[in-house]
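I am opening a notebook on this structure and will write down what I look up, one topic at a time.

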Amino acid sequence: MKKLAFLLLLAVTMVFVSCKDESSSNPLTMIPSDANFVAAIDAGSIIKKANIKVENGEVVFPDSYNSLLKNAFNSAEKEMMSEVAKAGIDFTKKTYAFNSTDFEALAIIPITDANAAKAFIEKACKTDMTADGELYKLEAGNEWYFVSGNYIVIAQPSATLETAVAENLIKNLITTGSTNPITNNADAMEMLDRKADVTFFGDYRKLLQMSGNPRELSMLMASGMGSILNDYRSVGATLNFNKKDLEMALEVFANDTENIKSYQAVIGKPSAEGLKFIPADIQFAVSGSVKGKELVKIDAVNQALAQISNNPFVTQDEIKQYLEAIDGPVTFGWNYVDYIINRSSMPQVYGAIKNEKADEICNKLQSTINGFGIIACTKVGDEYVVNISSDMAIAFGSKDGFLHFRTVAQKVTNSLYDDKLARGIFEESPSALYANALQGSRANAMLTSVAPNLNFSGYLKANGNVTDASMKIVIDQPEGNNIIETFLTILANAQMR
């Protein structure tokens with residue numbers, strides 16, 4: 001199969017199900033409690049939303065899927081699709097996948113017919129499985145496939161594991177379960193038992209280590225964020241596909257400490273007022289409402305302030321006063337397409353901070369910049385402008401109680417505040433995000449150039465607070481009027497043929 005084709009086949013397979021009876025077996029006993037990441041997939045729910053049916057042992061696609069089938073599969077792969085309905089896979093029960101120290105990835109797929117599942121894997125991998133006691137097994141590259149009476153298990157062991165050790169680990173998980181299963185973790189069970197198309201659970205520290213450079217993580221922990229991060233145990237999320245949007249809710253499981261209460265005290269009232277300083281054509285805007293007097297009470301902030309040395313330009317007490325003066329939205333906007341895709345020389349960034357000492361801070365910034373004597377800070381109208389080079393400039397000023405700045409020359413004449421959609425998102429939560437990919441936007445132009453056969457138009461919104469948040473991707477014009485088909489089509493287009 002071509003690159004990514006089998007991955008796509010598995011993704012599509014997960015929405016082709018037929019109704020079966022529930023059994024009492026619990027695959028969660030196979031997942032160790034120290035798993036870095038666990039996902040539970042309710043494909044029975046997803047198939048109803050995908051508008052795909054299984055009739056008389058065949059998969060039946062609506063006509064709207066023609067472009068997906070044409071672009072995603074060659075003739076051999078299309079033939080495999082006809083076998084999916086006969087593969088003995090039972091997705092009325094949840095499918096689980098996890099990552100741990102021993103496994104890069106491991107998936108547990110419930111089945112009702114082991115012989116049918118075995119035949120499907122052999123045809124897909126073009127290799128026969130061999131009998132191993134009550135199991136069938138197949139090693140294909142760096143992946144193992146096992147079929148038991150109840151499950152297909154697909155495992156990609158860690159590169160540090162010897163083959164024999166990896167094989168025994170998988171067999172032990174299937175036959176006897178984990179010696180310390182995830183069912184012993186109350187946080188995990190609270191998330192994984194929830195009703196959702198997809199449910200996630202993970203240890204956030206391990207997830208950070210997996211996603212970034214360990215040195216960068218160490219620097220983050222040492223920079224004053226350590227005490228904040230240590231107040232959280234784990235993170236969970238639910239994902240739901242709707243007709244035109246994808247909705248995610250994120251939840252953090254926190255230790256019951258006074259620090260958590262102090263973080264919550266920092267949060268102010270929802271406000272879109274900062275959007276007045278963000279241009280209407282911005283591609284990304286984010287805001288959080290902050291109570292500065294509560295902010296400086298947090299231990300991590302005090303520790304960071306204690307490391308700042310007094311100098312002729314600013315003292316530790318002045319910085320503390322400026323932080324205490326924050327009272328309301330802290331809003332930022334960024335045009336990422338021009339900077340990342342078009343390689344512009346300077347990111348187009350706008351910002352506004354509600355601050356009682358905005359005038360004083362502007363004067364301090366102006367005198368400090370001029371005090372260095374390297375570049376000039378000049379007054380232009382009611383703003384200060386710093387010309388870094390012929391095509392780089394920063395402007396800042398104070399207005400209506402806001403300290404505002406931008407890295408481009410154009411003033412904001414048509415603001416994002418006039419966008420009812422954006423304003424509504426920011427007014428419904430103390431912390432919010434808005435990313436615009438609507439028709440006519442630069443982000444929309446970028447997306448349609450990547451996938452020209454998709455008539456894509458939409459936006460991303462998110463809101464939340466210290467312990468939970470929600471995010472929604474809204475596609476105004478999904479492929480086939482169904483967001484699941486849209487994502488499958490994007491995956492198909494991503495194949496390297």
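For burial I take buried as under 20% relative accessible area, exposed as over 50% and partly exposed as in between, with a 1.4 Å probe and protein chains only. Helices (H or I, at least four residues) and strands (E, at least two) are DSSP runs numbered from the N terminus.

I note that this is a predicted model, in which local features need pLDDT of at least 70 and side-chain atom pairs count only at pLDDT 80 or more, while totals for chains, interfaces and linings use all residues. Residues are numbered from 1 along each chain as its sequence is written, and side-chain values use heavy atoms, with hydrogens and water left out.

**The whole chain.** I looked up the overall make-up and found 18 helices and 22 strands, with buried residues making up 45% of the 497 residues. Of the contacts between residues at least 6 apart in sequence, 68% join residues at least 24 apart.

**Helix α16.** Which residues of α16 are buried? In this helix, which spans residues 420–427, they are Ala 422, Ile 425 and Phe 426. Seen down the axis of α16, these buried residues fall within an arc of 95° (taken from the directions from the helix axis to the C-beta atoms), so they line one face of the helix. I then asked what they pack against, and found β13 (284–291), β20 (431–437) and β21 (458–464). At the start of α16, the backbone nitrogen of Leu 421 has a side-chain oxygen of Asp 419 within 2.9 Å.

**Asn 335.** I next turned to strand β14 (residues 326–335), where Asn 335 is found. Is Asn 335 buried or exposed? Asn 335 is buried, its relative accessible area being 0%. Not counting residues up to four places away in sequence, Asn 335 touches Asp 281, Ile 282, Gln 283, Gln 348 and Arg 442. For Gln 283 I also recorded that its backbone nitrogen lies 2.8 Å from a polar atom of the Asn 335 side chain. Tyr 350 is 15 residues from Asn 335 in sequence, and the C-alpha to C-alpha distance between the two is 9.0 Å.

**Helices α12 and α13.** My last entry concerns α12 (residues 299–306) and α13 (residues 316–324), whose axes come within 10 Å and cross at roughly 150°; these axes are lines fitted to C-alpha atoms over the stretch in contact, with angles from 0 to 180 degrees between N-to-C directions. Where the two helices meet, Val 301, Leu 305 and Ala 306 belong to α12, and Gln 316, Ile 319, Lys 320 and Leu 323 to α13.

How values were computed: Contact means heavy atoms within 4.5 Å. A polar contact is a pair of N or O atoms within 3.5 Å; within protein, one must be able to donate a hydrogen and the other to accept it, and residues adjacent in sequence count only if both atoms are side-chain atoms.
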